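Please read the following briefing with the sequence and the 3D structure at hand.

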Amino acid sequence: MKSRFLFSHGWRIIGYGCFTALLAFAIILKLLHPEGYAAVDLHPIAKAAHQSYNDVSTGLTFMRLHHDIVILLVVSGLVFIGFSKEKIEDEQIAQLRLDSLQWAVYFNYALFVGCVLFVYGIHFIPVLIFNIISPLVFFIIRFRWKIYLLNRAI
Amino acid sequence: MKTRFLFPNKWRLPGILMLLLALLLIAYNCYSAGGYDLSADPGEKFFGMGLSGKMVIVVDDIEYLSVIIGLLLVGFSKEKIEDEQIAQLRLDSLQWSVYFNYSLLIICIIFINGLGFLSVMAYNIMSQLLFFIIRFRWKLYQLNRLAKLEENRTISPILK
C-alpha cells in the first residue's frame, strides 16, 4: 500500500515551528496586554493606525486578526505534524496512519455526540470551536502512541 | 490490507433512513424557526404546535444525532464485495477529505468573522464526512465504470 498526499519529513519541523510561533505570540500578547482583551484598544498598532481609523474599529480589527492568526497557526501546525512522512515510510506505518485517522474520526464523533446530548445553548459554542481541532489532535496522539508501541515491540 | 472498524453492509440502509429523517428535520427547522436562534426562549411555541422549549432542544438534538450517525453509517459500512483496493480507496478518500475540509475551513477563517463564523462551525460538524462520502462514492463509480469497460472490451470480440 502506497502512502499518498503526504508532506515530506521536513514539514514536521515547520509544524512544530507553528506552535513555537504561537507560544511566542501568546507571550508577546500577554506582555503587551496583561489585562487581556479589554486593553486591546490601547495596542500600539491600533494607536499607530489611528490616523485613518478610529480606535474602536482598529482595536476590533486587530482582535479579529489575532483570532485568525491563532486558528491558522494551530490548524496548519497540526496538519503538518500529522501528515508529514516518517523518516522510514513503509507499508505498516501507512496502514497505522490511516487506521488512526479512521479511529480518530470515530472517537471524535463519539465525544461530539456526548456533547450534543449534554451541552445546551451558548455553552455549545466552545464545543464547536474545539471540534475544529480535536480530530487532528486525537489522530496525532493515537498515531504517535501506535508508533511508540511498534518501536518498543522491535 | 485488512479492513478494520467497519460496520456491516446491512447498516447502510438505516444510515440512509437517518439521513432522510435529518433532512426532513432540517427543512422543518428552516421553515419554522427561521434559522439559528441563539436566544431561544424556552417558553416559545414550536411551529404553532404548542411544543415547549424543552421539546425544541430535544428535536434539535435528534437532528444533530441523526445527521452524525447517518453519515457515519453510510460512510463506514462495508461494501458488498470488500477487497484491498476498496479499503485503500476508502482510507485515501478519508485523508483527502481531511485536507479538503481544512482548506475550506482556513478560507472561511480568513474571510468570515464574527457571528457568521458560528454557522461555519455548525457546517464543519458534518462537512468532513460529507466530503468523504462524496469522494469515496465518486471513486467507486469510476472504478466500476472502468471495470465494466474492460469487461466489454474483452468479451465483445468473442460474442460478436
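This is a predicted model: local features need pLDDT of at least 70, side-chain atom pairs count only at pLDDT 80 or more; totals for chains, interfaces and linings use all residues.

Residues are numbered from 1 along each chain as its sequence is written, and chains are lettered from A and ligands numbered from 1 in the order in which they are written.

**The two chains**

- Chain A has five helices and zero strands, where helices (H or I, at least four residues) and strands (E, at least two) are DSSP runs, numbered from the N terminus.
- Starting from the N terminus, the elements of chain A follow one another as α-α-α-α-α.
- Chain B has four helices and zero strands, and along its sequence the pattern reads α-α-α-α.
- Of the 154 residues in chain A, 18% are buried, and of the 160 residues in chain B, 18% are buried; a residue is buried if 20 or more other C-beta atoms lie within 10 Å of its own, exposed if 12 or fewer, and partly exposed in between, with the C-beta atoms placed from the backbone.
- Two residues are in contact if their C-beta atoms, placed from the backbone, lie within 7 Å; among the contacts in chain A between residues at least 6 apart in sequence, 76% join residues at least 24 apart, and for chain B the corresponding value is 84%.

**Domains within each chain**

- Chain A is assigned domain 1 (1–86) and domain 2 (90–154), and such bounds come from an automatic or database domain assignment.
- In chain A, nine residues of domain 1 are in contact with nine residues of domain 2, and the side of domain 1 that touches domain 2 consists of six nonpolar, two polar and one charged residues.
- In these classes, Ala, Val, Leu, Ile, Met, Phe, Trp, Tyr, Cys and Pro count as nonpolar, Asp, Glu, Lys and Arg as charged, and the others, Gly among them, as polar.
- Chain B is divided into domain 1 (1–80) and domain 2 (83–160), with 10 residues of domain 1 in contact with 12 residues of domain 2; on the domain 1 side there are seven nonpolar, two polar and one charged residues.

**The contact between chain A and chain B**

- The contact between the chains takes 27 residues from chain A and 28 residues from chain B.
- On the chain A side, α3 (55–82), α4 (91–118) and α5 (124–153) each supply at least two residues, and the largest share, 12 residues, comes from α4(A).
- The side of chain A that touches chain B is made up of 20 nonpolar, three polar and four charged residues.

**How helices pack**

- Two packed helices are described by the angle between their axes and the distance between the axes.
- Within chain A, α4(A) and α5(A) pack at an angle of about 140°, with their axes 8 Å apart; axes are lines fitted to C-alpha atoms, for helices over the stretch in contact, and angles run from 0 to 180 degrees between N-to-C directions.
- The crossing of α4(A) and α5(A) is right-handed; a crossing is left-handed if the near helix is turned anticlockwise from the far one by less than a right angle, and right-handed if clockwise.
- Residues that make this contact include A:Leu101, A:Trp103 and A:Phe107 of α4(A) and A:Phe138, A:Phe139 and A:Phe143 of α5(A), and by class the contact has 14 nonpolar, four polar and three charged residues.
- Between the chains, α4(A) and helix α3 (residues 84–111) of chain B pack at an angle of about 65°, with their axes 10 Å apart, and this crossing is left-handed.
- Here A:Leu98, A:Leu101 and A:Gln102 in α4(A) meet B:Leu91, B:Leu94, B:Gln95 and B:Val98 in α3(B), a contact with five nonpolar, two polar and no charged residues.
- The buried residues of α3(B) include B:Leu91, B:Leu94, B:Gln95 and B:Val98.

**One residue in chain A**

- A:Leu6 lies in the segment before α1 (11–32) of chain A, and A:Leu6 counts as partly exposed because it has 16 C-beta neighbours inside 10 Å.
- Leaving aside residues up to four places away in sequence, A:Leu6 touches A:Phe83, A:Ser84 and A:Lys85.
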